[in-house]
Amino acid sequence: MYSFDYHKPRSLDEATALLADHPEARLLAGGMTLLPTLKQRLASPSDLIDLSGMPDLVGIQVSDSEIRIGAMTTHAAVAHSPEIAAKLPALAALAEGIGDPQVRHRGTIGGSISNADPAADYPSAVLGLGATVVTDRREIAGDDFFTAMFETALEPGEIVRQVRLPVPLAAGYAKFPNPASRYAVVGAFVARTAGGVRVAITGAAPSVFRLPDMEAALTASFTPAAIAGISVPADDLNSDPHASAEYRAHLIGVMVGRAINFALEH
Amino acid sequence: MSGTVPVALSVNGRKVASEVEPRTLLVTYLREHLGLTGTHVGCDTSQCGACVVHLDGRSVKSCTLLAVQADGHEVTTIEGLGSPENLHPMQIAFNEHHGLQCGFCTPGMIMSAVDFASRHPDPTPLEVREWLEGNICRCTGYHNIVASVEAGARAMAKA
């Protein structure tokens with residue numbers, strides 16, 4: 001690992017000032033991606049700004065209509081929250097399937113969505129639920145947040161504070177995990193809301209995306225049978241040693257079906 | 001850039017304070033600064049779990065944590081679990097059920113298992129296997145490891 005200076009601000013204002021003073025700095029959340037990246041010398045930030053010194057960024061608030069999760073809340077905290085299990089069991093199941101227990105004890109929702117790994121789980125929930133990402137300066141709609149592979153709408157120096165997820169009528173998440181890393185080869189988040197059904201796919205393409213054809217069919221009939229005849233073209237999907245684009249296209253239909261069943265059963 | 005920064009934490013109940021480079025990993029600090037070599041470095045890429053320790057009672061991979069991130073916190077390593085004369089119930093279970101072959105992964109397996117067992121007093125084999133996702137035994141001695149964790153969890157619940 002290249003050397004760097006370390007800061008642990010006690011407020012967002014202090015963190016923002018540090019970022020302004022150190023343009024080559026990186027924010028450190030749970031570190032589950034950043035620290036392995038630094039160890040491989042794939043990044044060389046001048047400074048790390050550790051966000052763990054702000055208790056305001058940690059916590060879960062649940063109302064009938066919305067779940068608010070602080071950016072520094074760990075995957076384990078989401079997975080084991082009784083309120084989330086009651087209101088949005090698909091999100092608890094999603095969080096419980098990330099990485100391994102030790103990763104879930106450190107990794108955070110804010111870090112995951114800011115990193116925007118194409119195979120991460122949380123982006124599918126943010127897009128699939130139409131969540132809102134609250135930063136130190138504005139609110140960003142989930143539909144606008146993920147822009148490309150490892151790219152988001154966040155501006156330089158912008159810090160995610162909270163994710164606000166509307167509570168749907170029903171939701172499900174299913175993924176075909178890479179057997180070694182547990183990253184999603186394909187993951188599908190399906191949400192039935194008062195405004196219709198939303199389907200978001202992660203792992204299959206450079207960035208998370210929605211499937212309008214399946215959404216329309218599922219809005220008419222929320223059953224696995226409703227999507228049986230809908231195929232997804234492989235043209236823009238990822239192909240790698242783990243799965244070809246054609247296989248990912250096939251897996252999308254299978255995972256959406258499983259996510260629907262989860263939603264129907266919970 | 002980068003001198004050293006102070007860290008002060010509790011390791012196995014003992015307060016320690018040092019000056020470290022910010023890039024010092026917790027596992028490096030434990031092994032090379034404190035001489036606690038029971039915590040192993042296996043893959044060094046957060047996959048294998050040989051480096052698992054407890055941070056405030058929760059299992060974490062100490063190869064993917066900076067020592068400065070543990071500042072002000074409590075760390076427990078395999079050395080803090082029991083002693084040769086007075087083994088922890090999970091260590092006894094690994095001994096009785098032969099939950100090891102070469103033994104390299106064992107410290108991480110036991111630290112992960114103790115965290116698991118503290119919240120799963122009567123686990124099923126499937127629950128144990130799912131929990132051990134983050135711990136790799138390259139001798140593939142999983143069958144006896146799972147039996148050890150099941151027995152250790154029940155022993156901990158009785159203790």
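Glu74(B) touches Ser10(B) and Asp56(B), leaving aside residues up to four places away in sequence; touching, or being in contact, means that two C-beta atoms, placed from the backbone, lie within 7 Å. Glu74(B) sits in strand S5 (residues 74–76) of chain B. Helices (H or I, at least four residues) and strands (E, at least two) are DSSP runs, numbered from the N terminus. Is Glu74(B) buried, exposed or partly exposed? Glu74(B) is partly exposed, because 16 other C-beta atoms lie within 10 Å; buried takes 20 or more such atoms within 10 Å, exposed means 12 or fewer, and partly exposed is in between, with C-beta atoms placed from the backbone.

A word on what you're looking at: this is a predicted model, where local features need pLDDT of at least 70 and side-chain atom pairs count only at pLDDT 80 or more, while totals for chains, interfaces and linings use all residues. Residues are numbered from 1 along each chain as its sequence is written, and chains are lettered from A and ligands numbered from 1 in the order in which they are written.

Now zoom out to the whole of chain B, which is divided into domain 1 (5–80) and domain 2 (89–158); the bounds come from an automatic or database domain assignment. Taken over C-alpha atoms, the centres of these two domains of chain B are 21 Å apart. Where they meet, 15 residues of domain 1 of chain B are in contact with eleven residues of domain 2 of chain B. On the domain 1 side, S3(B) provides the largest share, three residues. By class, that side has six nonpolar, eight polar and one charged residues. Here Ala, Val, Leu, Ile, Met, Phe, Trp, Tyr, Cys and Pro count as nonpolar, Asp, Glu, Lys and Arg as charged, and the others, Gly among them, as polar.

Next, helix H3 (residues 106–119) of chain B. Twelve of its 14 residues are buried, so H3(B) is largely enclosed by the rest of the structure. Among those buried residues are Met109(B), Ile110(B), Asp115(B) and Phe116(B). What do they pack against? The neighbours are strands S3 (52–55) and S4 (58–61), plus helices H2 (89–96), H4 (125–131) and H5 (142–158), all of chain B. The length of H3(B) checks out too: at 1.5 Å a residue it should span 20 Å, and its end C-alpha atoms are 20 Å apart, which agrees. (The expected span is 1.5 Å times one less than the number of residues.)

Two of those neighbours pack against each other. H2(B) and H5(B) meet at an angle of about 145°, with their axes 8 Å apart; axes are lines fitted to C-alpha atoms, for helices over the stretch in contact, and angles run from 0 to 180 degrees between N-to-C directions. The residues making this contact include Ile92(B) and Phe94(B) of H2(B), and Ala151(B) and Gly152(B) of H5(B). The contact has eight nonpolar, two polar and one charged residues.

Finally, the two chains. Their contact takes 21 residues from chain B and 20 residues from chain A. On the chain B side, S4(B) gives the most, with four residues. That side divides into eight nonpolar, eight polar and five charged residues.
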